[in-house]
Every structure is written in structure tokens, then in C-alpha cells.
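Please look through the structure first, and then read on.

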Amino acid sequence: MVELTPEEKKTLITRNLQETLGEDKLTKVLKERDLKIYWGTATTGKPHVAYFVPMSKIADFLKAGCEVTILFADLHAYLDNMKAPWSLLELRTQYYEQVIKAMLSSIGVPLEKLKFVKGSDYQLSKEYTLDVYKLSSVVTQHDAKKAGAEVVKQVEYPLLSGLLYPGLQALDEEYLKVDAQFGGVDQRKIFTFSEKYLPQLGYEKRIHFMNPMVPGLAGGKMSSSEEDSKIDLLDSPANVKKKLKKAFCEPGNIADNGLLSFVKHVLFSLFKEGEGFEVCREAEHGGNVTFLKYEELEQYYAEDKLHPGDLKATVEKYINRLLEPIRKIFETPALQKLSAAAYPPPAKVKAGAAPAAGADEDAPHRLDIRVGKVIEVARHPDADTLYVLKIDLAEAQPRTIISGLVKFVPEQELEQRLVAVLCNLKPSKMRGILSEGMVLCTSNADHTIVEPIVVPEKAAAGSRLAFEGYSGTPDEQLNPKKKVWEKLSVDLKTNSDGLAVWKENFLLTPEGEKLSSKLANCAIK
């Protein structure tokens, strides 16, 4: 193996990163020895295909001779508003270790060069605990909240645990004895927090590497809790095809394109010398073409020379190539059992049977509420009070939804508006036109004022909305005979501040933003 120069190592370490803090120190260390670096992941939601972005960077670090530690941050997972219940922490940590080892094997990374550490193995020690107390004596509440703003789930009344989170991540740098920490650019505030406060405890300031945030398939951040925005590592080829069909991929549009970002940050960093991104297509559509540099592919797509369908088909081929070894590894009964135990599906209750002990049968996670964008408004031909709306939900086709808003909202105020749509009602005909969902609105007591609830401007069409404190897979379709929607909607309202809640639990976008209305203390229907 050819020995790399310090400059060549630096190029490998920093390629495709959005930002590096401490570049001078990086140069100095590489002239003396190999770099020691760690990447941590809180063991919360199921790892998905976007995890190949940090994995491909870890491959770069190893190629550059770095000593790499992967931290399974189990305590951080609990501190982040209890996204992972204490009872599941150990199981989810085991799942993360198995699935990440499988991912690294899939891209040819030798595991013997890596070290895996579980946070609770050292974060409960006397020394670490004392340092947490020391840190709490110098860190202000303002700085702790600001540091976690992009990472810790934000709620109106934050728990103390969320304020501790950034300090623990800073201390990890010292207790793992590394030169640098690697993470997404969403962790920048935690990294600058670490650089400010570690020296106040007598510890040195570390180098920080930041990856860009890769858009999800529907646009916006790819999220574990957002089913349509991500491809699970154990998804079947059929599911991969289905999700990629729904992916946002506008012709010629290279901005906020999750497919192109995946190709850039994962595939091109993994290609061997002389290997490229090979698009196979019929001769009448331009024939086969191979791109040896990502920039060539991006320009080709920007010039509208590559059809979105051909890009999706090619990305599908490469994703399945990456996932196939992982699927095979997880075919073993032991790992299938671990997967089911770490991420148990919501309990299904058979008709006529009582719910299992502890099962929350009538919980709001059963509602499939998504952000929709109204792209067309028309009057119903046979009903003066009804609109026929075409709503973009980042699906293959816009949905047709009938809404009784004619008397309350002018057409021009609905066009191009973001709305919250209940998507898993049974489709029903309204005066001869099939309605495939319902726009959620607030209404005063005598029904003289009705308004669609307000969706934050940055929300992406198709992204799933969830109620704070509730996770789980929505019903594929709400059973009208069991009156699921009718039971749940009793507690769906706006609070005294006009914020949408279910039993005081806020309705949130994947980014943690709340939905609201001008009408306070009103029902949502």
C-alpha cells in the first residue's frame, strides 16, 4: 500500500465536507502522526440509507490512516426528550452496532481498523459525572439551549435533560481521547459550544468536521421518523422502487435534490479508480452513458439531458447493490428477532378483542397527517359550498380532496397554500367526486368562522406531521366502522395560544415546528 503524504491525507479527510473548524491544528497533527477521530450517533430512530453519508466519510478517514471510534450514544438518546425509552436503549444500541457493522462491510471498510464504544460504558463513571457537574457550574442556560437548538427536539417547556445534552457531547471528546469530532453541520452549535467550554475545564479544544445535510427523498432533511423521506436499510427492492418513485426529482432541478446529493456524497466517494455512475437507457433516449465525475452528472442533469426516471432507476440499482449484503446479514433469526424487539410495531388489535395490556389503541400516531400544497382550486360542479382541491403530497399524482371552505376562504387564498391533510381516511364520493383525504381546519363553536390550520412556511410537501410524545406507524386506512377518527378528533383542538394540540401534545413538523391557527381554544376537524 502506498504511503500518503500529510497533504494527501488532509485532502481525503476534508473532501465533501461543508466546513472544518481547526484546520491549522489538523495540518500540524498530520505532520506528526495519524489523526484520532470519533463519530457519534444517538441510538434513537432506525438507521436509514442516509447513514451511508457518514459511513462513506468514515471510509475516507480510514483510507487517510485515521484511528476512528464510533460512539453509540445511548444516554444521549434518552436525554433527547426520551426519543428512545429506557427499556429499549440496550436493544437499540445492539441494533445500531449490528446494522452499522453491516453497512461498513457493504462498502468494504475493514472493521478491525475501527473501535466501537457505548456511551454508558464510561459516561456513568465517577470522573465523567464530576466533569458534568463542573461543566454545569460554568455553562449558562442560554448557551446550553442555543447549542442544542438544531439537534435536541425543541418543545415549549424543555426538560433539563435537553440542556445537559451538549455538555455531554463536548466531554465525549476528552474521554474518548481524540483530536477531532465528525458530525453533520446541524451540530455546529454543539461543536462551537465544545470549543468554548472544554478549555474552561482545562481540556484542549478539538478539531471539528461537518458534513452537509443531505435532503430527503421528498425534499428537506432525511429523517428516521419521516417514512416517505427515507429508505430503510432493510427495505426490500420493491419498497426501494416504491419510495424512489415518490422522490422529489424535478427535471433540470439540481437544488434540494436528495437523489443527486446521495450520488455525490455516497456513490462517488465509494467508486474505485476508473469506476463511474453508469446510466443504462434505451438508444432512443440517448443510450448508455457513464459519468466519471459528479460535476459532469450534475451539469448533464441541469441541462435536462437526463430524465428523472432514468436517474431514479440508476440510483435504485446502486442503492440495492449497497443494501443487498445488509439484507442478507439480517436474514438470520437472531438479527430478525433483535430488529423486531428494538423497534416493535404498534400493537394491532383484532376485531372484537380487547387491547393488550399497556397498548394505546386510541393514540394520535394512528392518524396519517401530512403537509400538502394546494396546486389547483375549483368549485364543485354540483355543490355551491364545496371546493375541489388538487393537493401535492409528494406522491406520484396530486390527490383530489373535497373541502367545504367556499363560504370561509376565497380561492386566491387557498392557491399554493400549505395545508395539513388527514391522508388515511377511507376515500369517499362527495356529490359524485371521490375525495381522498381531508384538509384539517379550525372552527369556532357556531361554525361561522372556519380556517385551515397554519403550516410553517419551511415545511416540505409530503412530510409527515406527528404529535409530541407519540411515535408509531399510522394505520394504512382508518376503519370507519370503529370510528377511530371520531374518537381521536374529540381531543384535537387549538390551545389558548392558538397552537394545534391533541390532549396538550403539540402537532409538530419533522423539524419540530408547531402548527397554529388564529382561532384559540377551538376544535380541529
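The structure holds 17 aromatic pairs, where rings of Phe, Tyr and Trp (its six-membered ring) pair if their centres lie within 6.5 Å, with planes under 30 degrees apart counted as stacked, over 60 as edge-to-face and the rest as tilted. This is a predicted model, in which local features need pLDDT of at least 70 and side-chain atom pairs count only at pLDDT 80 or more, while totals for chains, interfaces and linings use all residues. Residues are numbered from 1 along each chain as its sequence is written, and side-chain values use heavy atoms, with hydrogens and water left out.

**A tilted pair**
- Phe-61 and Phe-209 form a tilted pair, with 6.0 Å from centre to centre and 35 degrees between the planes.
- Because Phe-61 lies in helix α3 (residues 52-63) and Phe-209 in strand β6 (residues 207-211), this pair ties together parts that are 148 residues apart in sequence; helices (H or I, at least four residues) and strands (E, at least two) are DSSP runs, numbered from the N terminus.
- Both Phe-61 and Phe-209 are buried, meaning under 20% relative accessible area with a 1.4 Å probe and protein chains only.

**A stacked pair and its cluster**
- Phe-277 and Tyr-318 are stacked, at 5.4 Å centre to centre and 20 degrees between the planes.
- Phe-277 counts as buried at 0% relative accessibility, and Tyr-318 is buried with a relative accessible area of 5%.
- Ring pairs link Phe-277 and Tyr-318 with Phe-268, Phe-271 and Tyr-294 into a cluster.

**A charge over a ring**
- The charged end of Lys-514 sits over the ring of Phe-506, 4.4 Å from its centre, the cut-offs being NZ of Lys or CZ of Arg within 6 Å of the ring centre and within 35 degrees of the ring normal.

Note on methods. Buried < 20%, exposed > 50% of the residue type's maximum accessible area, 1.4 Å probe, protein only.
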